[in-house]
Amino acid sequence: MLSNMAKNLEATIVVVDDEPSIRELLSASLHFSGFEVKTAASGGEALEVIRDANPDLIIMDVMLPDIDGFTVTRRIRQEGMEAPVLFLTARDDTQDKIMGLTVGGDDYVTKPFSLEEVIARIRAILRRTKGEDEEDPIIRVADLEINEDSHDVTRAGQEIDLSPTEYKLLRYLMDNEGRVVSKAQILDHVWQYDWGGDAAIVESYISYLRKKVDGITVDGKKVTPLIQTKRGIGYMIRAPRSSSAK
């Protein structure tokens with residue numbers, strides 16, 4: 001399962017951007033999602049970091065102060081490096097997108113971007129390039145399933161109707177199966193980094209999810225709870241120890 005790959009730090013990502021705030025935001029978010037992260041602030045530094053780290057994926061800003069991201073990508077491809085490249089740019093221009101794909105890029109995200117979107121793109125690229133679950137859009141924890149293509153959610157074969165925010169929260173917990181995530185991490189990933197609200201909103205939405213996901217009955221019996229609270233730390237979702245479902 002891809003989330004297991006992430007939480008075991010089996011994927012290394014290099015983030016290349018000359019804006020410190022974006023580097024720090026992406027680095028923190030990817031680290032919280034379980035990835036090992038290296039950063040670079042210029043094209044020249046990127047070449048050195050990429051050669052040294054041999055990453056699984058590169059997030060590449062197009063507009064860099066010395067060597068642009070397209071040129072950096074062209075050079076690493078000429079050197080035989082095959083790590084997929086996800087371009088970041090402030091320019092939503094078709095010619096830029098064509099250029100990015102021409103020099104060996106794999107995907108393209110326009111600034112300003114959603115952290116959730118970037119992480120979803122990363123996981124999709126890694127699935128394709130590593131050949132893991134390429135044709136399977138399903139994320140599973142025990143008998144709970146999310147279809148990433150249709151956004152359908154089921155448990156024990158029963159459909160669960162979730163709001164968009166509930167879906168984001170459940171998806172984030174399932175992406176981090178077996179790993180405790182704090183309220184701050186959940187706010188960052190579900191409500192985005194500019195959310196200024198009270199962390200109590202997380203408790204409310206966890207309660208909503210529990211009622212819908214862990215409140216299901218099968219043959220008159222309630223299912224085993226999957227969503228757990230680690231008091232003073234955060235929340236996690238984990239399959240029952242007796243369950244062999246993955």
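Author: Of the 246 residues in the protein, 48% are buried. The model is a predicted one, and its secondary structure consists of 9 helices and 13 strands. The protein exposes about 11900 Å², of which 45% is supplied by carbon and sulfur atoms.

Reader: What share of the contacts between residues at least 6 apart in sequence joins residues at least 24 apart?

Author: That share is 60% in the protein.

Reader: Why are helices α3 and α4 called roughly parallel?

Author: Helix α3, residues 43-53, packs against helix α4, residues 69-78, at an angle of about 30°. Angles under 35 degrees count as roughly parallel, and α3 and α4 are therefore given that description. Their axes are 10 Å apart, and the crossing is right-handed.

Reader: Which residues make this contact, and how do they divide by class?

Author: Gly 43, Ala 46, Leu 47 and Ile 50 of α3 meet Val 72, Arg 75 and Ile 76 of α4. By class, the residues of the contact of α3 with α4 are 5 nonpolar, 1 polar and 1 charged. Gly is counted among the polar residues under this scheme, and Arg among the charged ones.

Reader: Which residues of α3 are buried, and what covers them?

Author: The buried residues in α3 are Gly 43, Ala 46, Leu 47, Val 49 and Ile 50. Their cover includes the strands β1 (12-16), β2 (36-40) and β3 (57-61), as well as α4. Just after α3, Asn 54 has a positive phi of about 45°.

Reader: What makes Ile 58 count as buried?

Author: Ile 58 is in strand β3. Buried means under 20% relative accessible area; Ile 58 has 0% relative accessibility and therefore counts as buried. Leaving out residues up to four places away in sequence, Ile 58 touches Val 14, Val 16, Ile 50, Ile 76, Ala 83, Pro 84, Val 85 and Leu 86. Ile 58 and Thr 39 are 19 residues apart in sequence, and their C-alpha atoms are 9.6 Å apart in space.

Reader: How do you know that Val 190 counts as buried?

Author: Val 190 belongs to helix α8. The cut-off for buried is under 20%, and Val 190, at 5% relative accessibility, therefore counts as buried. Setting aside neighbours within four places in sequence, Val 190 is in contact with Thr 165, Lys 168, Leu 169 and Tyr 172. Thr 165 is 25 residues from Val 190 along the chain, with 7.1 Å between their C-alpha atoms.

Reader: Why is α8 called roughly perpendicular to α9?

Author: The axes of α8 and helix α9 (residues 200-213) cross at roughly 80° and come within 9 Å. Angles of 65 to 115 degrees count as roughly perpendicular, so α8 is roughly perpendicular to α9. The contact joins Lys 183, Ile 186 and Leu 187 of α8 to Ile 201, Val 202 and Glu 203 of α9. The residues of the contact of α8 with α9 comprise 4 nonpolar, no polar and 2 charged.

Reader: At what angle do α2 and α8 cross, and which residues meet?

Author: Helix α2 (residues 20-32) and helix α8 (residues 183-190) have axes that cross at roughly 120° and come within 11 Å. This crossing of α2 and α8 is left-handed. Leu 25, Ser 29 and Phe 32 in α2 meet Gln 185, Asp 188 and His 189 in α8. The contact of α2 with α8 has 2 nonpolar, 3 polar and 1 charged residues.

Reader: Why is Ala 156 called partly exposed?

Author: Partly exposed covers values between the 20% limit for buried and the 50% limit for exposed. Ala 156 has a relative accessible area of 33% and is therefore partly exposed. Ala 156 lies in the loop between β8 (153-155) and β9 (158-159), and its phi is positive, near 50°.

Reader: What makes Asp 219 count as exposed?

Author: Exposed means over 50%; Asp 219, at 78% relative accessibility, therefore counts as exposed. Asp 219 is placed in the loop between β10 (217-218) and β11 (221-222). The phi of Asp 219 is near 55°, a positive value in a residue other than glycine. Most residues other than glycine have a negative phi.

Terms used
Residues are numbered from 1 along each chain as its sequence is written. This is a predicted model: local features need pLDDT of at least 70, side-chain atom pairs count only at pLDDT 80 or more; totals for chains, interfaces and linings use all residues. Side-chain values use heavy atoms; hydrogens and water are left out. Helices (H or I, at least four residues) and strands (E, at least two) are DSSP runs, numbered from the N terminus. Buried means under 20% relative accessible area, exposed over 50%, partly exposed in between (1.4 Å probe, protein chains only). Contact means heavy atoms within 4.5 Å. Accessible areas come from the Shrake-Rupley method with a 1.4 Å probe; for residues, only the protein chains shown count as cover. Axes are lines fitted to C-alpha atoms, for helices over the stretch in contact, and angles run from 0 to 180 degrees between N-to-C directions. Angles under 35 degrees count as roughly parallel, over 145 as roughly antiparallel, 65 to 115 as roughly perpendicular and the rest as oblique. A crossing is left-handed if the near helix is turned anticlockwise from the far one by less than a right angle, and right-handed if clockwise.
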